[in-house]
Amino acid sequence: MANIKNVTKKTKAQAMGMHTEVLTGRTQQKFFNPDEAENFYYFGTYDVDFNKRTNLDVIDMTAAEANKEIDNLMSQGYGTIVIKNPQGKHSIGVGILNKLNLIFEGSLGYFGIGSCDGPTVRINGRVGWSCAENLMAGKVVIEKNAGSCFGAAIRGGDLICKGSVGARTGIDMKGGTIIIGGDAGAFTGFMMQRGRIIILGDVGINLGDSMYDGTIFVGGEIGSYGSDAVDAELTKSDQDWLKRKLKVAEIGENFNVSKMKKIVAGKKLWNYDNLEPTEKKGAI
Amino acid sequence: MCGIAGLIHRGKSSNVGSELQGMLQALKHRGEDSTGYALYGDTDGKNFIMRFKVGENVGEGSTSVSEDVSVYDERKKIVDQTLSELGAKIVKEERTLPYSLRYELAYDKKDLLEFSQRIENIPGVEILSMGKSLEVIKDLGNAKAVCDRYSLDKLVGTHAIGHARMATESGVDIKSAHPFWGYPFSDVSVVHNGQLTNYWNNRRALENKGMRFMSECDSELIAVYIAQKMREGASLEEGMKDSLTGLDGVFTYFVATKDSLGMAKDTMAAKPLVLYESDDLVAMGSEEIAIRSVLPQEIDTYDPFDGEVKVWQI
């Protein structure tokens with residue numbers, strides 16, 4: 001482990017009060033220097049023009065071929081790509097670390113739009129399991145239904161499903177917002193750590209089970225609460241945020257947000273206290 | 001992993017053999033150790049169709065052994081003799097492969113328990129299916145290989161369920177392949193994706209009630225469990241709903257009868273299922289691409305929720 005020492009020489013970030021310590025020894029830590037920003041190279045990104053539009057028919061392509069072609073089109077500067085005939089194929093539209101308008105005319109299978117950072121994606125059909133897993137930033141809109149593990153482990157961005165979703169929506173999510181226009185299945189928000197989930201319809205059993213943090217808003221009925229998921233007061237600030245978010249998401253703009261339920265972590269399962277295991281059991 | 005698929009045409013017949021082959025072939029990446037079909041064909045309903053095997057196709061991890069064709073011939077003779085003793089007349093006989101046979105039988109008794117016990121008491125013989133519409137065909141290999149081997153693509157009927165298997169709980173052989181017949185009920189079949197964790201407890205209890213297990217495959221339990229519930233007077237749907245608490249583990253399964261098709265999903269919703277439903281067709285599979293093989297146009301599909309049971313009639 002690196003030694004932590006106070007040193008007199010300051011970087012710009014330290015001068016701004018962002019860091020008071022410097023790691024010495026063998027460390028991988030790097031500080032962002034705004035003066036050098038233009039020299040930073042983000043692998044897999046291209047300068048694209050949103051007005052430059054093209055179609056890509058993937059009916060006879062494998063997922064790998066389709067993804068490679070999307071990358072190739074971005075490298076040519078296409079900022080709007082319309083995918084024709086996805087036909088429920090798996091793992092399409094993954095690993096896009098770029099600003100991009102990506103439109104799917106049809107449905108996706110499993111693991112669509114995985115590990116993306118930045119694109120705006122519209123899917124005119126449905127999606128299978130694990131859509132937009134690990135999304136870092138961007139916006140993904142699904143016009144129909146979605147399968148289970150929708151938005152698993154996302155870190156940021158907006159993920160919107162206008163229909164209903166399966167089980168374990170937002171499992172392990174660490175940021176961002178998931179908005180569901182219809183109903184959601186069991187274990188929604190399971191082990192979520194940060195971020196927000198909005199469900200306008202009903203939700204299944206074990207809502208927010210073992211959630212560490214984050215917030216879930218539910219407009220309909222709740223099947224049951226999971227371990228350590230508790231009700232919280234819906235504030236005026238929450239309502240304003242919900243209205244704004246639903247409007248931007250083009251979903252439920254006229255929904256009566258004042259009736260929504262707010263669910264948060266009770267934090268009784270947190271391991272950051274001094275409770276003995278037997279005491280912890282009692283707390284649960 | 002395994003993949004399951006099923007479809008039911010309501011109000012008409014179609015080429016279900018070819019359609020199910022396409023659906024299962026689309027799922028072959030979920031497992032191609034073995035593939036099985038339960039096809040409900042158009043028949044006049046007079047005779048029973050018995051699909052049975054007199055030997056095994058042995059793959060990796062199987063507890064069975066490969067045997068000489070002469071052994072199969074000997075077993076077939078004993079089956080024929082036993083059928084005669086039971087009062088069943090062989091109307092038509094087909095031997096697709098040395099170990100796999102299809103008989104059309106004129107048999108007027110409704111209770112198939114004694115019938116099945118007598119036939120399966122012959123060492124090495126297993127009834128794959130018995131019914132007036134149902135035919136279970138299963139063997140090693142992917143959907144296309146099995147379909148070609150048994151010439152299933154021409155079969156016309158109303159509904160079908162099938163299974164592409166990746167062997168995990170038991171060996172690669174026909175006895176562990178799906179679908180399983182709902183012994184001793186005519187025209188009942190089951191396919192399953194998942195793992196059952198209270199298999200042995202349930203198996204012991206069911207065996208004490210006189211039910212039989214032909215393999216060590218946990219999925220067989222579903223067929224036997226529901227068959228027992230039906231023996232006790234439950235409807236198919238009631239038996240399936242009961243299974244959600246009686247069976248422990250993760251599962252999505254289909255059950256088909258002569259005139260209906262049902263699905264059940266465990267309360268954890270841990271196994272996938274995509275469903276398409278319209279007035280004249282219901283198609284479902286572990287993945288959307290299975291449905292796409294019969295409905296390439298843009299359609300509305302959805303995932304059934306946890307603990308959901310649905311049954312459709314033809």
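The questions below go from chain A to chain B.

Mentor: Before we start, this is a predicted model: local features need pLDDT of at least 70, side-chain atom pairs count only at pLDDT 80 or more, and totals for chains, interfaces and linings use all residues. Residues are numbered from 1 along each chain as its sequence is written, and chains are lettered from A and ligands numbered from 1 in the order in which they are written.

Trainee: How many helices and strands does chain A have?
Mentor: Helices (H or I, at least four residues) and strands (E, at least two) are DSSP runs, numbered from the N terminus. For chain A, that gives four helices and 13 strands.

Trainee: What percentage of the residues in chain A is buried?
Mentor: A residue is buried if 20 or more other C-beta atoms lie within 10 Å of its own, exposed if 12 or fewer, and partly exposed in between, with C-beta atoms placed from the backbone. Among the 284 residues in chain A, the buried share is 43%.

Trainee: Is Ile113(A) buried or exposed?
Mentor: Ile113(A) sits in the loop between strand E5 (101-105) and strand E6 (117-123) of chain A. Its phi is near 55 degrees, a positive value in a residue other than glycine. Most residues other than glycine have a negative phi. Because Ile113(A) has 29 C-beta neighbours inside 10 Å, it counts as buried.

Trainee: Where does Lys267(A) lie?
Mentor: Lys267(A) also deserves a look at phi, which is near 65 degrees, a positive value in a residue other than glycine. With 13 other C-beta atoms within 10 Å, Lys267(A) is partly exposed. Its place is the loop between strand E13 (261-265) and helix H4 (277-283) of chain A.

Trainee: Which helix of chain B gives the most to the side that touches chain A?
Mentor: Two residues are in contact if their C-beta atoms, placed from the backbone, lie within 7 Å. In those terms, 16 residues of chain B are in contact with 22 residues of chain A. The most, three residues, comes from helix H8 (residues 288-292) of chain B.

Trainee: At what angle do helix H5 (residues 199-208) and helix H6 (residues 220-231) of chain B pack?
Mentor: Axes are lines fitted to C-alpha atoms, for helices over the stretch in contact, and angles run from 0 to 180 degrees between N-to-C directions. The axes of H5(B) and H6(B) are 11 Å apart, and the angle is about 40 degrees.

Trainee: Which word describes H5(B) relative to H6(B)?
Mentor: Angles under 35 degrees count as roughly parallel, over 145 as roughly antiparallel, 65 to 115 as roughly perpendicular and the rest as oblique. The angle here is about 40 degrees. Therefore H5(B) is, relative to H6(B), oblique.

Trainee: Which residues does Arg51(B) contact, leaving aside its neighbours within four places in sequence?
Mentor: Arg51(B) is in strand E3 (residues 48-53) of chain B. It counts as buried because it has 24 C-beta neighbours inside 10 Å. Its contacts are Arg102(B), Leu128(B), Ser129(B), Glu135(B), Val136(B) and Ile137(B).

Trainee: What joins His178(B) and Pro179(B)?
Mentor: Most peptide bonds are trans. Pro179(B) lies in the loop between strand E8 (157-165) and strand E9 (180-181) of chain B. With omega about -5 degrees, what joins His178(B) and Pro179(B) is a cis peptide bond.
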